[in-house]
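Please read the following walk through the fold with the coordinates open beside it.

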Amino acid sequence: MADISLTLPDGNKRSYPTGTTGLEVAADISKSLAKSAISCSIDGAHRDLSTVLSADCDFAIHTMKDDAQALELIRHDCAHIMARAVQELWPDTKVTIGPVIANGFYYDFDRAEAFSVEDLAVIEKKMREIINLRDPVRTELWSRERAIKYFQNTEEPFKIELVGMIPKGEDLRMYWHGKWQDLCRGPHLVHTGQVPADAFKLMSVAGAYWRGDSNNPMLQRIYGVAFKNKNDLKAHLHMLEEAEKRDHRKLGREMDLFHIQEEAPGMVFWHPNGWTLYRVLQDYMRRRQIADGYQEINTPQVVDRKLWEASGHWEKYRENMFITEIDEEHANEKRVNALKPMNCPCHVQVYNQGLKSYRDLPLRLAEFGSCHRYESSGSMHGLMRVRGFTQDDAHIFCTRAQIGAETKKFIELLTRVYQDLGFDKFEIKFSTRPDVRAGSDAVWDQAEEALENAIKALDLPYETDPGEGAFYGPKLDFKLTDAIGREWQLGTFQADFVLPERLDAEYIGEDGAKHTPVMLHRATLGSFERFLGVLIENYAGRFPLWLAPRQIVVASIVSDADDYVLEVVAALKAAGLRAEADIRNEKINYKVREHSVAKVPVILAIGMKEVEARSVSMRRLGDKGSKVLALGEVVEQLQAEATPPDLR
RNA sequence: GCUGCUGUAGCUCAGAGGUAGAGCACUCCCUUGGUAAGGGAGAGGUCGAGAGUUCGAUUCUCUCCAGCAGCACCA
């Protein structure tokens, strides 16, 4: 048999007879390597050690020290071991798929009875038993027919469907550990004992549609996390606990920012603290936008269906709209109105008042527009996904030639705003023309080029999402990652060739003829609600002074200091700071603790020493100690710090 | 919308077929204490809503509403 040549990662070459397996190579290199090996890479592709080598290649043996490969295998094998455990415990369960995901894995099952949280512990126990068996993992290539026949016998309808989905000509691979068998592309570990028995945990059960389609039956998905060792698992669970602590819903309650109640699902009741935060952010955005050439407007929230029919929303978006019908008893005429789900049609109405010249363009109309959308009940989530919200919306009416400059201008604004608010990193997604679209290819060419060139000119990284643009134009989406690692699409920038035409927007060009302007829909924060949710989690409630709803509490240590406390509060307020007095009959320890828990950034403690010296003892949130400073000095320092970034 | 779970005092949660309990918060009293909980007393609940079973339901059953996790959705 002819030899094949393997190039190892260190550059050395070794020759073996064709038909040698990865494991045999490992054994040939060293006995200990054979023992610690978990998988191999053949020309960069991750494979089982049992893979038969049949050609010259770059070859590498992986051990548990190779994080990427080790974690992939551990998690994937965990999914299989879980599936086996479940089928051993409840043989009537049908298996489907079980992929690796961030930090772990899941497996989707079909079973008449629901898995309970208590079942998870039972399954975990069974999984440990399987791991302890150290069952060797065996694999074979099967023909399509044989696989289908097998799954018909074992009554696994989902697996039969999967076989049907695998492209013709591709091999089907079967895996076994013990008697348990599954269709899988692999690779897998050498034996079940290689999965660390103390580094995985089953986390939750939830429904998931078969193949992600809501027309399909719902399966039961069990989620698990798995790591290389117990410490990594512990660290991950700890991270989850920390993430839970900064959940904006929890902080919203603790910091008395807002609440949502049954009578108005998905609508926010802002409390004084939360509304202060909201207003500080809104005032900041308003200044930034006006400085950038926007004009602020305000448009109606309840608008006759005729406008929504004209804009196309009635046809395309009706199921997400709140419709209001006027009570016939009180109306002469029956009208059907909708709460606006978007501001754009109203903005065109403002644009349409009076004839516009090309000299008026670009015309930037901004509105903190209150919108309502009927979101499905299961999709709502605190402030992140609500039914009533306010966008920092604006529409730029411009010529096609102006798209590029406006794009660049907007991205610059957005970058500055995100930086000011503590987000240094965001991703840009550039979505190009979909198959079904309005407008000529020439117009799309021009718009796509304008958007892309703007990103390039600013030297920002972006990724292109071909075909994901709206039917009316290409778009840019701006995504932030929050503290819990979730990605939120906040900012957006969309070119629109359709709506201005539908709603008869026009301008007189240099040539004296009427033209249709391009409309650029854009939002920086997206909605105040969602953005504040992200902001709360990003700062874990510990806002920089300029954003903090409660900035300073001045607390007396003894009641003889109360008058001076009130004087200090007055001085701080006069300097435009948000300050409160705490002259309750409580110990300073108690006051410090309470205001620290409430995440007030600055506590000024006042005892008789401070009264006499006309000073204050300043404690910053999170600090252990305090600093004594002259009153005037503190006012000046805090005032500077509390100045919004755009006014510094 | 779908699957599962949950809904008891302002908050976090315990509880049982015979109309309820803890801690914190709140009110009052004592305490004037120097940087993350001083002590005592008191008040506070139609046990998410409706229907059914039962002598009796907050507890069991059903329906609805809301929340949570995930899925689907987010033109």
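Across which strands does helix α3 (residues 67-89) lie? Helix α3 lies across β3, β4 and β5 and runs at about 115° to β3; such angles, from 0 to 180 degrees, are taken between N-to-C directions of axes fitted to C-alpha atoms, for helices over the stretch in contact, where contact means heavy atoms within 4.5 Å. Helices (H or I, at least four residues) and strands (E, at least two) are DSSP runs numbered from the N terminus. This is a predicted model, in which local features need pLDDT of at least 70 and side-chain atom pairs count only at pLDDT 80 or more, while totals for chains, interfaces and linings use all residues. Residues are numbered from 1 along each chain as its sequence is written, chains are lettered from A and ligands numbered from 1 in the order in which they are written, and side-chain values use heavy atoms, with hydrogens and water left out.

The open, mixed sheet has 5 strands in the order β2-β1-β5-β3-β4, strands being paired if DSSP finds at least two bridges between them. Its edges are β2 (13-17) and β4 (45-47), each of which pairs on one side only. Helix α1 (residues 22-29) packs on this sheet, touching β1, β2, β3 (37-42) and β5.

Turning to the backbone, a cis peptide bond with omega of about -5° joins glycine 186 and proline 187, the latter placed in the loop between β11 (180-183) and β12 (200-209). Asparagine 103, although not a glycine, has a positive phi of about 70°, and this residue lies in the loop between β7 (100-101) and β8 (104-110).
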